[in-house]
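Let's take a walk through this structure together, one part at a time. Keep the 3D view open beside you as you read.

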Amino acid sequence: MTGLAFLIPIALGMGLFGLAAFFWAMRSGQFDDMDGAAHRILIDEEDE
Amino acid sequence: MNVPVALASGQPAQFRDTRFTVPSIRCAGCIAKIERELPKLDGVEHARVNFSAKRVAIHHSTSLDDVDLTKALREIGFEAQPVSENPLARDDADTRMILRAVAVAGFGMMNIMLLSISVWSGANGATRDLFHWLSAIIAIPVIAYAGRPFFASALMALRYGRTNMDVPISIGVLLATALSLYETATSGAHAYFESAVMLLFFLLCGRALDATMRTRTRAGIGALLGRMGKSASVFQPDGSCQRVSAEELQPGMLVLVAAGEALAADGVVEHGEGAVDNAMLTGETTPQTVGSGSEVHAGAINLLGPLHVRLTAVGGDTALAEIARLMDEAGQSRSLYVRIADRASRLYAPVVHSLAALAFIGWMLAGAGWHQSLVIAIAVLIITCPCAMGLAVPAAQVVASGALIKRGLLVKDGSALERLAEVDVALFDKTGTLTLGAPRPDISTLDDTTRSVALGLAQASRHPLSQGLADALIEEGVKAAIVDEIEEQSGQGLTGQWEGAAVSIGQPQTAQDGMASELTVGDRHWTLRFKDPVRGDARQTINRLESLGIASRILSGDVSQSVERVASDLGVPAQAGATPHEKLALLEGLKADGHKPLMVGDGINDGPALAAAHASIAPSTASDASQQAADAVFIGEKLAPVAFAVTIARQTMRIVRQNFTFAIGYNILAIPLALFGMVTPLIAAIAMSVSSLVVVGNSLRLARSGKDET
């Protein structure tokens with residue numbers, strides 16, 4: 001049963017980490033332009 | 001990607017952001033071009049394209065204004081309009097709020113489920129109590145956060161003495177949480193935390209789908225009066241000219257309208273001759289010739305030399321403002337439309353609440369004690385408050401709108417799909433709707449070299465005829481020749497140099513019927529005749545609508561002669577010369593007769609009709625106002641998406657009804673279990689997940705049926 005004392009906090013911590021990552025991604029605009037990201041990969045970077 | 005720009009002088013640089021909507025961003029090349037070319041302009045720090053929203057955000061110094069930036073964008077080949085302080089921001093914030101709530105509810109659901117499964121598989125005693133307490137600690141903040149959209153909407157409904165889908169949801173979730181807390185505190189066997197959070201999660205998924213659909217298709221929709229001139233040059237008593245803003249214009253003022261300028265008010269031409277582009281107002285593409293005494297309207301663009309115009313109506317009295325007002329009024333009837341989910345919940349909610357109340361009273365009478373009676377009543381609420389109901393409509397509509405986008409039709413929201421499914425008569429505008437609305441030349445007489453020279457020259461201009469010529473040539477796969485020293489004189493045409501020879505496109509020297517221009521390469525001349533062709537598949541589309549039981553007719557503001565020709569080609573009845581008022585009156589008449597008309601149109605003059613119709617569709621070339629008034633916008637030169645929209649909308653409603661039948665049927669099976677006190681949290685969890693999965697799976701069939709259709 002002592003295993004629970006480790007496993008439950010680990011499970012919760014990983015869940016919270018995922019949630020925090022998602023919130024960060026929303027705030028930093030990762031989902032603002034989904035179609036644009038798909039197109040940008042096709043742009044050739046020219047040396048300027 | 002960002003080129004640093006040295007400012008002209010050492011003054012402290014003041015920067016600000018301006019957003020433009022640029023509907024013509026279509027590919028990676030457009031993104032690259034805008035983001036590379038714009039920073040080359042002095043004062044532009046950087047530009048960032050949002051492809052999904054068809055927007056460009058420009059970070060620039062305050063020395064540049066909207067007009068400069070619009071011009072800069074036009075020079076690199078993009079029509080742009082400044083976006084006033086983002087009217088969609090509120091919508092955007094709502095969507096984000098819901099997405100965050102989905103994430104939080106998902107996190108809570110997974111962790112609580114982990115604990116619940118241990119309890120279901122036999123944990124008891126102190127372990128069960130610990131797990132219940134842990135669930136409570138996770139569930140309470142999660143429910144408080146993720147439940148806000150439902151609680152807020154339920155409160156709002158109750159405050160106005162109404163009930164909606166959110167009322168039973170909120171009552172169910174809150175009661176389940178309260179009961180579970182009580183059970184946890186008294187070391188009870190069952191806690192319903194996972195059901196409450198799971199219910200929120202599935203319902204929020206439905207909301208998120210609905211919101212995604214709305215934001216996805218709203219790109220590039222601007223405001224109405226943006227096209228109307230914002231100021232005018234007014235002659236002062238001493239003969240000089242002074243800029244006066246549109247709000248301060250008075251009837252009786254004499255204004256000077258330069259070539260290329262949009263009129264800011266209605267008036268009569270006093271001096272000068274030329275042509276105005278009335279496309280904004282009438283949808284007519286051929287420029288209207290004007291001279292002394294001609295009436296001109298706000299929104300019209302002066303194409304040729306300067307005109308002196310005596311104003312007759314300003315501001316809210318102009319024909320354009322009148323149309324805007326009509327649209328506003330006509331659109332109000334549509335807000336009265338009740339969506340299918342709300343109609344269902346109006347019937348459903350009272351039944352659920354009375355069942356729960358009856359269960360409580362019944363068990364109390366049977367002597368079960370208040371605790372057990374309450375547990376059973378809440379179990380009834382949870383089991384009858386199906387997440388499948390929340391998903392039934394949005395899941396189907398999102399899949400359908402995805403299928404429609406692939407076919408070139410953007411539907412604005414779910415309510416539009418519901419109304420499209422109900423239409424029984426279709427009205428088409430002619431110019432720009434049944435026809436392309438853009439003049440196309442006959443280029444069969446040109447040889448290959450001439451074609452490429454013509455393209456090199458024509459693509460430099462924004463004149464409708466040049467654009468028509470360029471589009472026709474690009475369609476034929478012509479590659480542009482390099483033409484140097486291109487100059488454009490307003491109203492005269494284009495001149496340039498190609499391999500040492502003078503080349504030009506301009507007005508024909510001899511008078512021609514209809515629209516024509518003359519192409520000159522060296523000493524050879526060609527006359528290009530333009531006409532506005534009927535969309536290639538107009539006839540099939542009308543036949544297809546007929547097979548769906550929808551009769552079509554033409555309702556145009558154009559002169560009867562050209563309308564009759566198109567009408568007889570397509571074999572449908574027509575009414576010509578209709579003013580916006582008459583179009584509106586005809587639609588109101590049809591509605592009074594019990595019809596549900598579909599209006600397809602593009603001009604501002606169709607605006608009121610588009611807003612009043614039961615459902616409406618506009619081509620993507622339509623004026624902004626019409627796109628805003630319409631429920632859906634179709635892209636490209638084909639009319640087929642119109643018929644396809646109705647087919648898919650009807651299929652969607654069929655699927656939605658199946659989903660409802662299934663969700664309710666499932667609950668009818670589960671209610672007896674709940675009434676007899678046999679619903680454990682495990683059964684509730686399984687019932688919810690299975691019914692939601694079936695509903696989503698059933699909706700996904702729409703994506704496939706969309707492909708099979710053609």
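This is a predicted model: local features need pLDDT of at least 70, side-chain atom pairs count only at pLDDT 80 or more; totals for chains, interfaces and linings use all residues.

Start with chain B, whose secondary structure amounts to 23 helices and 26 strands. Of its 710 residues, 45% count as buried. Among contacts in chain B between residues at least 6 apart in sequence, 68% link residues that are at least 24 apart. Chain A has 48 residues, of which 0% count as buried, and it contains two helices and zero strands.

Where do the two chains touch? On one side are 19 residues of chain B, and they are in contact with 18 residues of chain A. Three elements of chain B each supply at least two residues to the side that touches chain A: helix H1 (28-37), strand E2 (44-50) and helix H3 (89-120). The largest share of that side, nine residues, comes from H3(B).

Now look inside. The largest nonpolar core has 138 residues, and B:Ala105, B:Val197, B:Leu200 and B:Ala645 are those with the most contacts inside it. Which helix gives this core its largest share? That is helix H22 of chain B, residues 640-675, with 15 residues. To see how one of the core residues is surrounded, centre your view on B:Ala105. Leaving aside neighbours within four places in sequence, B:Ala105 is in contact with B:Val142 and B:Ala146, and also with B:Val197, B:Leu200, B:Phe201 and B:Leu204. Apart from this core lies another one of 22 residues, including B:Ala264, B:Ala319, B:Leu320 and B:Ile604.

Helix H11 (residues 370-384) of chain B packs against H22(B) at an angle of about 170°, and their axes are 9 Å apart. Because angles over 145 degrees count as roughly antiparallel, H11(B) is roughly antiparallel to H22(B). The crossing of H11(B) past H22(B) is right-handed. At this meeting point H11(B) brings B:Ala379, B:Val380, B:Ile383 and B:Thr384, while H22(B) brings B:Asn667, B:Ala670, B:Ile671, B:Ala674 and B:Leu675.

Helix H15 (residues 448-458) and helix H16 (residues 464-475) of chain B pack with their axes 9 Å apart, at an angle of about 135°. That angle makes H15(B) oblique to H16(B). Their crossing is left-handed. From H15(B), the residues B:Arg451, B:Ala454, B:Leu455 and B:Ala458 meet B:Ser466, B:Leu469, B:Ala470, B:Leu473 and B:Ile474 of H16(B).

Let's turn to the sheets. One open sheet of chain B has six strands in the order E6-E5-E7-E13-E8-E11, paired antiparallel. At its edges stand strand E6 (241-245) and strand E11 (295-296) of chain B, each pairing on one side only.

Which face of strand E7 is covered, and which is uncovered? In a regular strand the side chains alternate between the two faces of the sheet. In strand E7 (residues 254-257) of chain B, B:Val255 and B:Val257 form the covered face, and B:Leu254 and B:Leu256 the uncovered one.

Chain B also has an open sheet of three strands, ordered E10-E9-E12 with antiparallel pairing. Strand E10 (288-290) and strand E12 (301-302) of chain B are at the edges with a single partner strand each, so one side of each has no neighbour in the sheet. Strand E9 (residues 274-277) is joined to E12(B) by two bridges and runs antiparallel to E12(B). In this pairing, B:Asp277 stands opposite B:Ile301 of E12(B).

Notes:
Residues are numbered from 1 along each chain as its sequence is written. Chains are lettered from A and ligands numbered from 1 in the order in which they are written. Two strands pair if DSSP finds at least two bridges between them. Helices (H or I, at least four residues) and strands (E, at least two) are DSSP runs, numbered from the N terminus. A nonpolar core is a set of buried Ala, Val, Leu, Ile, Met, Phe, Trp, Tyr and Cys residues joined through C-beta atoms within 7 Å. A residue is buried if 20 or more other C-beta atoms lie within 10 Å of its own, exposed if 12 or fewer, and partly exposed in between; C-beta atoms are placed from the backbone. Two residues are in contact if their C-beta atoms, placed from the backbone, lie within 7 Å. Axes are lines fitted to C-alpha atoms, for helices over the stretch in contact, and angles run from 0 to 180 degrees between N-to-C directions. Angles under 35 degrees count as roughly parallel, over 145 as roughly antiparallel, 65 to 115 as roughly perpendicular and the rest as oblique. A crossing is left-handed if the near helix is turned anticlockwise from the far one by less than a right angle, and right-handed if clockwise.
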